[in-house]
Amino acid sequence: MARMKFLCDAERCIECNACVTACKNEHEVPWGINRRRVVTIKDGEPGERSISMACMHCTDAPCAAVCPVDCFYTTADGVVLHSKDLCIGCGYCFYACPFGAPQYPQTSNFGSRGKMDKCTFCAGGPEDDITPVEYQKYGSNRLAEGKLPLCAEMCSTKALLAGDGDIIAAIYKERVVKRGYGTGAWGWSVAYKDSSAA
Amino acid sequence: MTNRLTRLAAAGLLALPLLAGGPAFAQGAGPVGQTPSGQQPQNISEQEVQLFQQLQGNVAGRVSIPDAKASLLIQPEGKSWRDFQREELKLIGGIAIFGILAVLAIFFATRGRIKIEGGPAGRTITRFNGLERFAHWLTASCFIVLGLSGLNIAFGRALLLPVIGPEAFTAVSQAGKYAHNYLSFPFTLGVVLMFLLWAKDNIPNKLDIDWLKAGGGLVGKGHAHAHRFNGGQKMIFWSTVLGGGAIAATGYFLMFPFTVTDMAGMQLAHIVHAVLGVLLIAMILAHIYIGSVGMEGAFAAMGSGEVDLNWARAHHDLWVQDMMGTRHEGRGHPVAAE
């Protein structure tokens with residue numbers, strides 16, 4: 001099976017936020033929830049870079065390790081998903097996540113967290129594939145339809161790549177060789193470092 | 001050439017190897033960029049190295065959505081926090097709680113139930129009035145639920161989840177989360193009440209050192225003199241007030257996330273909350289032991305509020321003297337505890 005990953009080429013990202021909009025629209029994400037976001041570092045300074053970031057679907061995912069109710073699971077494609085039926089909205093995954101991926105609707109007492117929501121790599125959740133109940137809880141399941149995540153699919157500069165980790169790494173490698181530079185695959189060393197040994 | 005390209009590609013792809021291979025990469029790479037200041041030509045790859053050096057810590061920037069937390073791009077500390085959850089907390093909690101249970105079991109097996117010396121006198125003296133007992137039991141009942149729901153969050157996944165299954169465990173944990181949130185308020189009130197009621201009797205003095213030297217009457221022979229609270233009770237009191245206060249404060253940080261602190265502060269608040277929590281649970285287990293099965297006559301102090309005179313004379317001789325003045329033959333309830 002493929003090992004699905006995201007890769008954001010910071011040399012290409014123009015901070016248009018189309019990926020953010022596409023994600024919100026595709027999954028009917030509620031107000032205040034951002035499964036994907038674009039962060040600009042060194043804004044207005046030399047070396048400015050924009051990076052589109054969402055759940056990186058880590059190997060040995062920190063969120064899954066700290067979840068008190070063990071609601072996370074990793075699919076055969078290496079996508080990290082979770083069950084909203086089991087989640088209790090404790091917020092631990094947000095403290096553990098290196099990428100700020102988990103999001104919480106404020107529905108609980110004291111305005112605290114409801115059940116966690118995050119990027120699913122457009123792969124839905126534990127419900128049956130492409131069902132209304134799955135869509136309502138987790139958004140659309142493009143992977144089950146044979147499609148890749150919409151954010152990357154509609155990226156105008158093809159900065160954001162999504163798919164089999166080996167293939168997108170090869171594409172990025174080719175770019176770096178051709179243009180002679182690149183700022184690296186953002187987040188990969190944090191998300192997949194443990195996997196290099198395995 | 002092939003070697004150079006391979007290294008170039010590998011360095012561009014993987015962040016950490018680039019750091020190690022940085023200088024070689026910088027010399028080998030062709031394109032050279034000018035810095036705006038024009039002082040010296042700076043290789044673009046050197047800028048990259050600088051960017052990757054930022055990767056070693058938190059990388060934050062500007063984000064267009066109105067959520068300050070979202071501007072934190074990468075925080076590798078999350079993995080350290082995960083490791084604390086996975087290893088240190090389990091170790092500290094396991095040692096503290098199973099350790100104290102083992103110590104109490106050994107103590108009970110060797111010493112047995114500590115009897116009142118000379119047997120019960122049959123006459124009683126008021127030790128705690130209604131308000132004091134209310135403050136104690138308010139704190140105690142909240143603490144039991146808070147402790148159990150907290151232990152469930154920390155260790156339930158390993159201990160309870162395999163037994164009752166994921167759906168039931170989520171139901172228990174969800175209820176526990178609400179209970180943990182709501183009961184924090186009466187718990188805090190109880191701690192404040194106890195502080196106001198008992199702080200004046202819990203100021204450490206020289207007698208506490210004698211109490212420690214005498215082994216607290218637990219391991220050694222005989223009793224040290226004590227006023228209303230002996231050295232051990234003072235330790236329990238200050239642990240509860242200061243430890244409980246710190247647990248409450250960090251708990252409110254966690255309940256209203258990111259209102260007063262940032263990501264590192266939230267992680268630290270959780271670590272302090274969890275470590276103090278298991279330590280206080282371990283201490284309270286010992287407190288429960290000595291106040292119930294461990295010692296004859298002790299429970300009455302917080303039960304009816306009336307303790308046997310012989311028990312009081314053995315453990316709090318100076319307090320009994322204060323209460324009864326010089327009239328050692330006082331009857332019934334001579335003076336209210338206050």
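I began with the record: the unreviewed UniProt entry annotates "transmembrane region" at residues 91-114, 134-159, 179-199, 235-256 and 268-290 of chain B. Positions are in the numbering used here, feature names are shortened, and annotations may be inferred rather than shown by experiment.

The model is predicted: local features need pLDDT of at least 70, side-chain atom pairs count only at pLDDT 80 or more, and totals for chains, interfaces and linings use all residues. Residues are numbered from 1 along each chain as its sequence is written, while chains are lettered from A and ligands numbered from 1 in the order in which they are written.

I checked two spans. Residues 91-114 of chain B are 88% helix and 0% strand, with end C-alpha atoms 32 Å apart. For residues 179-199 of chain B I noted 95% helix, 0% strand and 29 Å between the end C-alpha atoms. Helices (H or I, at least four residues) and strands (E, at least two) are DSSP runs, numbered from the N terminus.

Next I looked at helix H6 (residues 130-159) of chain B, which has a kink of about 55° centred on Ile153(B). The bend is the angle between axes fitted to the seven residues ending at a residue and the seven starting there.

Last, I looked up the sheet. It is open, antiparallel and three-stranded, in the order S3(A)-S2(A)-S4(B). S3 (49-53) of chain A and S4 (62-63) of chain B are at the edges with a single partner strand each, so one side of each has no neighbour in the sheet. Strands pair if DSSP finds at least two bridges between them. Val39(A) stands opposite Val63(B) in S4(B).
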